[in-house]
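Please look at the sequence and the model below.

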Amino acid sequence: MFQTSALLLLLASLGASASPVDLSARETTKEFVSPPGLNLTYSSPFNSALPNVVIMATGGTIAGAANSATSSGVYSAGSIGVEALIDAVPDLLNISNIYGYQIANVGSPSINSTIQLQIAQAANAILCAPDSTTEGVVVTHGTDTLEETAFFLDLTVNCGKPVVVVGAMRPATAYSADGPANLLQAVTAAASPLSKDRGALITMNDRVGSAWYTQKTHVNYLDTFKAPEPGYIGGFFNNRLFYYNTPATPVFKKTFDVSNITALPRVDIIYGHQEFDARLMEAALELGDVKGLVLASPNGGVGAEAIIARVAEQVPVVRHVRINVGMIAPSAEAPTANNVTISSGLVNNQKSRIQLQLALATGADPRETFEEPLRSILYA
């Protein structure tokens, strides 16, 4: 029995060492040159026959550590660095040349707009420069806010090359750690020409999702990331990447140029419920630095309309509901005293916050950003 198991492990390791990226038609790769201002912390031996992929590490469970290998739910996020992540998956170097940056090393609730801007601006400099030698970027990230950063990158890195955001549901020290396999697949997707012109991607648990649609749906389980309505756009079999369709862009996706943006305005989410007190929205404004709000409720509840109208005169208020799947359709008519909020369309609460921040930072009209072309399609 032991000999059989050992043989199976050997065969698996031999099979895994083969590159899952088609290199037969590749041109010779030039060495990667780090853009100014970025501190390159890892560089693999260069192989001109392989594509270049950059990994930006931010921490999270994929870099987490626990006191016991049996502990998969209690651990410290962001405990190991990008070099250790890469060293744990040696087959990465059969897929691409790997270059690593330690952008942060925190749990994903501590990721802020400053870090998101740093990642987006670095990814644009690495991927989109005329002399770029890089096929794709991978961002390792904690899962609690992974969808927000992935959505941010989907709207701000748009030169056609893949940005793949990946995490793990179990820490690196667990027997059942999913991070190594997820990272291997993320690099596979980033290095593949099949991933071009698909926007930012989320790869976990053998699935590939569009960052525009994909969200976290469960606190604990490995299959947490899903796109409930449109579904996954691809997957992996034996670490071989495949897509169900040719590249496509979400119809209602908006893009933003953040190359000259140094900070994003503060936007908060207010959670509504039965007996909701809309004065919480006014309290948020009294903090002084709030430039927009997302209202996660059925438009506030009975008696809240007057307060919502007063708040919407001061800052944009985007309306979604607590359920994160579905459409909040815009009205067919122009805004009135009873229709002052901006409908979020297909963008959920946490992503609405990101999109409103970007609209305000770049001078885009918030209502047009969320409601068009959806209104024109629904009421043509």
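The link of Cys-128 and Cys-159 is left-handed, with -70 degrees about the S-S bond. This bond is a disulfide, a pair of cysteine sulfur atoms within 2.5 Å; here the S to S distance is 2.1 Å. A search of the whole structure finds one disulfide. The link joins distant parts of the chain, 31 residues apart. Cys-128 sits in the loop between helix 3 and strand 4 (136-140), while Cys-159 sits in the loop between helix 4 (146-156) and strand 5 (163-166). Helices (H or I, at least four residues) and strands (E, at least two) are DSSP runs, numbered from the N terminus.

The model is predicted: local features need pLDDT of at least 70, side-chain atom pairs count only at pLDDT 80 or more, and totals for chains, interfaces and linings use all residues. Residues are numbered from 1 along each chain as its sequence is written, and side-chain values use heavy atoms, with hydrogens and water left out.

Next come the cores. A nonpolar core is a set of buried Ala, Val, Leu, Ile, Met, Phe, Trp, Tyr and Cys residues joined through side-chain atoms within 4.5 Å. The largest has 80 residues, and Met-56 and Ile-126 are among those with the most contacts inside it. Helix 3 (residues 113-127) gives the most to this core, with eight residues. A second, separate core of 15 residues includes Phe-276 and Val-315.

Definitions and conventions. Buried means under 20% relative accessible area, exposed over 50%, partly exposed in between (1.4 Å probe, protein chains only).
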